[in-house]
Amino acid sequence: MTRFKLTLEYDGSNFVGWQRQAIGMSIQQALEEAVFRTTAETVQVHGAGRTDAGVHALAQVAHVDIEKAIAADKLRDALNFHLKPAPIAVLAAAVAPADFHARFSATGRAYLYRIVNRRAPLTVDHGRAWLANAPLDADAMHDAAQVLVGTHDFTTFRATLCQAPSPVKTLERLSVHRVGEEIQIIAEARSFLHHQVRNIVGTLRLVGEGKWSKEDVRAALEAKDRSEGGPTSPPDGLYLTRVSYD
């Protein structure tokens with residue numbers, strides 16, 4: 001039995017999310033079926049992050065145990081062949097230690113959220129970014145975002161159905177910057193609560209529009225009440241960009 005670490009890229013638009021569901025195709029199911037076609041083995045693929053429906057990944061990490069003797073590069077190529085035409089690519093495959101776990105061995109995760117700030121509708125980026133028609137002040141958004149950096153009770157910014165045992169997380173980085181007509185929000189932490197990044201983005205957009213101040217964000221955080229936070233941004237603009245390991 002060999003454990004393989006897989007690095008994945010995918011467009012999550014037409015999937016129900018990472019995790020296998022009773023209805024609809026998930027990233028996990030597509031990968032497990034590709035492994036079966038490659039090895040005739042029924043396996044469970046474990047991911048580093050359970051991305052929601054519509055969320056994309058540039059470097060998701062997963063692991064899978066395979067009995068068949070197969071080289072890592074051959075596995076990568078075979079999986080990519082059997083994944084067609086699904087918008088999922090195995091960027092890399094490598095033999096991992098037997099105790100490696102894509103989720104529990106991870107020491108950090110990074111997400112990117114893309115907001116396109118313009119009047120015209122999205123075409124190429126439709127389903128891959130959030131359109132904001134009104135002008136956004138990226139500097140004000142970045143300044144307000146710093147209130148959330150550090151260790152806090154993020155109840156205000158987690159989904160009401162979040163199953164995490166504690167709302168306390170340490171946000172190591174939250175930056176906002178403009179690149180032309182695009183505003184990029186980068187969040188880094190060891191782990192995140194359900195919808196945490198999307199709820200933060202929805203709140204920061206209010207700041208960018210001039211509807212909220214930095215102190216409003218601070219008050220929302222201290223309220224520890226989801227109803228006091230901003231709206232949940234759509235999944236379209238969210239990308240898992242990095243998973244770190246020691």
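**Entry 1**

I started with the largest pocket, and its volume came out at about 960 Å³. I noted that 35 residues line this pocket, and that the closest to its centre are Arg50, Arg103, Phe192, Leu193 and His194. Next I checked which elements give two or more residues to the lining: they are β5 (106-117), β8 (168-179) and α4 (196-208). I keep in mind that this is a predicted model.

What classes of residue make up the lining of the largest pocket? I got 17 nonpolar, eleven polar and seven charged residues.

Then I moved on to the second largest pocket, which holds about 170 Å³ of space. I wrote down its lining: Trp18, Gln19, Gln28, Gln44, Val45, His46, Gly47, Arg50, His101, Arg103 and Phe104. By class, I have three nonpolar, six polar and two charged residues here.

**Entry 1: the core**

I looked up the largest nonpolar core and found 67 residues in it. Those with the most contacts inside this core are Leu6, Ile115, Leu148, Leu171, Leu174 and Ile185.

Which residues does Leu6 touch, leaving aside its neighbours within four places in sequence? My list reads Gln60, Val61, Ala62, Val64, Leu75, Leu79, Val90, Ala92 and Ala93.

I found a cis peptide bond between Lys84 and Pro85, with omega at about 0°. Pro85 sits in the loop between α2 (72-83) and β4 (88-96).

Ala40 is not a glycine, yet I read a positive phi of about 65° for it. I placed Ala40 in the loop between α1 (27-39) and β2 (46-47). Is Ala40 buried or exposed? With a relative accessible area of 58%, Ala40 is exposed, because the cut-off for that is over 50%.

Lys224 also has a positive phi, near 50°. I found Lys224 in the loop between α5 (214-223) and β10 (238-245). Its relative accessibility is 48%, so I put Lys224 down as partly exposed.

Conventions
Residues numbered from 1 in each chain as written. Predicted model: local features only at pLDDT ≥ 70, side-chain atom pairs only at ≥ 80, totals over all residues. Heavy atoms only, no water. 1 Å grid on protein atoms, 1.4 Å probe; cavity = no way out; pocket = protein on both sides within 12 Å on 5 of 7 lines; lining within 4 Å. Points joined across faces, edges and corners; volume = space filled by probe spheres on them. Helix = DSSP H or I, 4+ residues; strand = E, 2+ residues; numbered from the N terminus. Nonpolar A, V, L, I, M, F, W, Y, C, P; charged D, E, K, R; others polar. Core = buried A, V, L, I, M, F, W, Y, C linked by side-chain atoms within 4.5 Å. Buried < 20%, exposed > 50% of the residue type's maximum accessible area, 1.4 Å probe, protein only. Contact = heavy atoms within 4.5 Å.
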